[in-house]
Amino acid sequence: MSPPYGSRLAGKIAVITGAGSGIGLESSVLFASEGAQVVCADINEKGATATAEKIATLYGKGRAVAIHADVSKEEDVKKMIQLAVTEFGKINILFNNAGIMHPADDNALTTSEDIWDLTMNINVKGVWWGCKYAIEEMRKTGGGSIINTASFVALRGAATPQLAYTASKGAVLAMTRELAVVHAKENIRFNSLCPGPLRTPLLMEFLNTDEKRDRRLVHVPMGRFGEAIEQAKAALFLASDDSSYMTGTDFAVDGGLCAAY
Ligand code: NAD
């Protein structure tokens with residue numbers, strides 16, 4: 001059994017959604033490596049369980065627990081936050097990271113009400129439910145850090161249309177800013193993580209041809225897709241006291257995309 005690599009999250013309890021894949025998986029393992037105990041939540045229970053088992057293997061039993069949670073369902077999110085309290089006694093960090101991007105051609109003329117509602121329910125309402133139940137618990141222990149995953153598409157228009165997704169991520173930015181302002185004096189910090197295009201299942205299913213992938217990379221000065229672990233490292237910074245004077249920010253980790261014209 002390896003000891004944690006660091007202690008930036010020693011004694012902290014984190015809940016991470018979308019923990020079964022991509023950013024959520026890498027963040028769960030990284031947070032645990034820095035001393036956190038982690039609730040790994042995902043609609044894909046098998047994925048969440050595999051992540052918790054990986055943490056147990058690396059850092060020992062009792063460092064992680066898995067739960068099936070569909071973030072668009074209030075009862076699931078409530079149970080997810082309660083699990084942190086019953087299992088570990090409190091919640092210090094919530095990473096509202098689960099999200100979907102419908103792979104269909106999704107511009108104003110082709111998108112459907114079903115795609116729109118599904119995307120908003122998971123990407124926006126899911127973040128609200130998470131914040132609602134985490135705030136109640138964080139108040140009891142004097143504060144916490146909440147990170148909401150938005151996207152570069154909320155900061156710039158995407159050339160490959162994904163209208164419902166873009167609108168949902170814009171809502172995440174707006175909601176995060178308001179929450180940051182309203183809860184600042186309670187020492188509950190809220191920041192948006194804005195990833196650039198990543199080599200994770202979510203985007204690779206959408207950019208399913210060389211032509212589409214090349215088209216997307218034209219806009220990335222670094223000329224490559226990002227890796228989930230690069231987002232996890234940024235999320236760790238936002239989760240830890242290293243970012244103690246940061247709240248309400250749109251934190252872009254995007255290979256320079258937002259700096260380009
Ligand atoms: P991913 O597909 O690898 O992982 C997403 C995880 O979320 C999956 O495990 C999935 O099962 C889970 N999930 C989906 N719907 C859920 C629900 N209703 N309840 C609970 N869990 C659910 O994708 P990723 O790239 O790691 O994406 C993570 C976040 O990053 C998402 O919010 C996404 O919008 C955002 N993001 C991704 C990119 C990119 O290029 N991949 C860019 C910007 C933002």
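**Entry 1: the largest pocket**

I sorted the lining of the largest pocket and got 19 nonpolar, 13 polar and five charged residues. Here Ala, Val, Leu, Ile, Met, Phe, Trp, Tyr, Cys and Pro count as nonpolar, Asp, Glu, Lys and Arg as charged, and the others, Gly among them, as polar. I am working with a predicted model, where local features need pLDDT of at least 70, side-chain atom pairs need 80 or more, and totals for chains, interfaces and linings use all residues. Residues are numbered from 1 along each chain as its sequence is written, and side-chain values use heavy atoms, without hydrogens and water.

The lining has 37 residues, and Asn 97, Ala 98, Gly 99, Ile 100 and Leu 202 lie nearest the centre of the pocket. Two or more lining residues come from each of α1 (22–33), α5 (163–183) and α6 (201–206). I noted that α6 gives the largest share, four residues. Helices are DSSP runs of H or I with at least four residues, strands are runs of E with at least two, and both are numbered from the N terminus.

The space in this pocket is about 770 Å³. A pocket is an open set of points on a 1 Å grid over the protein atoms alone, where a 1.4 Å probe fits, with protein on both sides within 12 Å along at least five of seven lines; lining residues have an atom within 4 Å of a point. The volume is the space filled by probe spheres set on the points, which are joined across faces, edges and corners.

**Entry 2: two helices**

At what angle do α3 and α4 pack? I found about 30 degrees for α3 (residues 74–88) and α4 (residues 113–141), with axes 9 Å apart. Axes are lines fitted to C-alpha atoms over the stretch in contact, and angles run from 0 to 180 degrees between N-to-C directions. The α3 side of the contact includes Val 77 and Ile 81, and the α4 side includes Trp 129 and Tyr 133. Contact means heavy atoms within 4.5 Å.

**Entry 3: single residues**

Is Thr 51 buried or exposed? Thr 51 is buried, at 2% relative accessible area. Buried means under 20%, exposed over 50%, and partly exposed in between (1.4 Å probe, protein chains only). Thr 51 sits in α2 (residues 45–59).

Lys 233 belongs to α8 (residues 228–239) and is exposed, at 52%.

Asn 187 lies in the loop between α5 and β6 (188–195). Asn 187 is not a glycine, yet its phi is positive, about 65 degrees. Most residues other than glycine have a negative phi.
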